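Q: I have a protein open here and would like to go through it piece by piece. Can you help me read it?

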Amino acid sequence: MSNTVQTPVAFLDGIPSPKSPAGSPDSRLVPALIGTFHSNQVVHIECPRWCTADHMDEPSEPGHVTHYAETSGVEVASFLDDTTLAYALRASLEADPTSTDARMRAAHIMVWEDAGAVEARLTAGMAEELADDLVGFAVRLRQLARTARLANHDAPAERAA
Ligand SMILES: [Zn+2]
């Protein structure tokens with residue numbers, strides 16, 4: 001027998017009531033599992049359209065539902081160790097609707113390194129600046145590769161189409 005029950009979202013503390021549940025173009029109502037693994041219930045929460053989270057996947061504590069988008073990343077391997085990534089930089093879109101910080105409640109970009117202890121939170125403008133820096137970094141990385149090939153008399157590798 002399931003310990004999951006249906007409860008309207010308005011009865012739970014810490015979960016904002018949807019302002020216009022059926023009419024908002026930026027969000028939708030989705031089922032979410034709220035509670036613990038041993039005792040939980042399904043409620044419907046307002047979820048931004050960009051959110052790809054499965055809020056039924058595992059229970060969230062009341063007031064701790066976080067919305068996030070699919071993660072993108074770039075991985076850096078080393079020819080000295082083919083079993084472990086040297087770096088793995090990731091980015092995702094996230095919003096924490098119950099945060100006391102308005103910047104955290106808003107959709108924002110989270111950037112982190114897999115082995116790192118700190119997550120960077122970026123506004124859209126900060127993310128655009130970072131993207132510009134990364135484009136410049138990519139151009140410089142290609143220049144370094146070209147220089148290394150010339151120094152080693154190495155022919156360019158065939159690239160996948
Ligand atoms: Zn969501």
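A: What follows is a short walk through the fold, a core, a helix and a few residues.

A: This is a predicted model, so to read it you need the cut-offs: local features need pLDDT of at least 70, side-chain atom pairs count only at pLDDT 80 or more, and totals for chains, interfaces and linings use all residues. Residues are numbered from 1 along each chain as its sequence is written.

Q: What is the mean pLDDT of the protein?

A: The mean is 86, and 83% of the residues reach 70 or more. pLDDT is the predictor's confidence in each residue, from 0 to 100. Over residues 1–22 the pLDDT is below 50, yet beyond near neighbours in sequence this stretch has 33 contacts in the model. Two residues are in contact if their C-beta atoms, placed from the backbone, lie within 7 Å.

Q: How many helices and strands are there?

A: There are 2 helices and 7 strands. Along the sequence they follow the pattern β-β-β-β-β-α-β-β-α. Helices (H or I, at least four residues) and strands (E, at least two) are DSSP runs, numbered from the N terminus.

Q: Which way do strand 1 and strand 2 run?

A: They run antiparallel, with 9 bridges joining strand 1 (residues 27–35) to strand 2 (residues 40–48). Strands count as paired if DSSP finds at least two bridges between them. A hairpin of 4 residues connects strand 1 to strand 2, and P31 stands opposite H44 in strand 2.

Q: How much of the protein is buried?

A: Of the 161 residues, 12% count as buried. A residue is buried if 20 or more other C-beta atoms lie within 10 Å of its own, exposed if 12 or fewer, and partly exposed in between, with C-beta atoms placed from the backbone.

Q: Which residues form the largest nonpolar core?

A: It has 7 residues: A32, I34, V43, I45, C47, C51 and V65. Strand 1 and strand 2 each supply at least two residues of this core, and strand 2 gives the most, with 3 residues. A nonpolar core is a set of buried Ala, Val, Leu, Ile, Met, Phe, Trp, Tyr and Cys residues joined through C-beta atoms within 7 Å.

Q: What does C47 touch?

A: Not counting residues up to four places away in sequence, C47 touches S27, R28, V30, H55 and H67.

Q: What span should helix 2 have?

A: At 1.5 Å a residue, helix 2 (residues 124–152) should span 42 Å, and its end C-alpha atoms are 41 Å apart, which agrees. The expected span is 1.5 Å times one less than the number of residues.

Q: And M126, where is that?

A: M126 is found in helix 2. It is partly exposed, with 14 other C-beta atoms within 10 Å. The C-alpha atoms of M126 and I109 are separated by 8.8 Å, and the two are 17 residues apart along the chain.

Q: What about H153, exposed or buried?

A: H153 counts as exposed because it has 6 C-beta neighbours inside 10 Å. H153 sits in the segment after helix 2. Its phi is positive, about 50 degrees, although H153 is not a glycine.

Q: Last one: where is S99?

A: S99 is in the loop between strand 5 (87–95) and helix 1 (102–105). Leaving aside neighbours within four places in sequence, S99 is in contact with M104 and R105.
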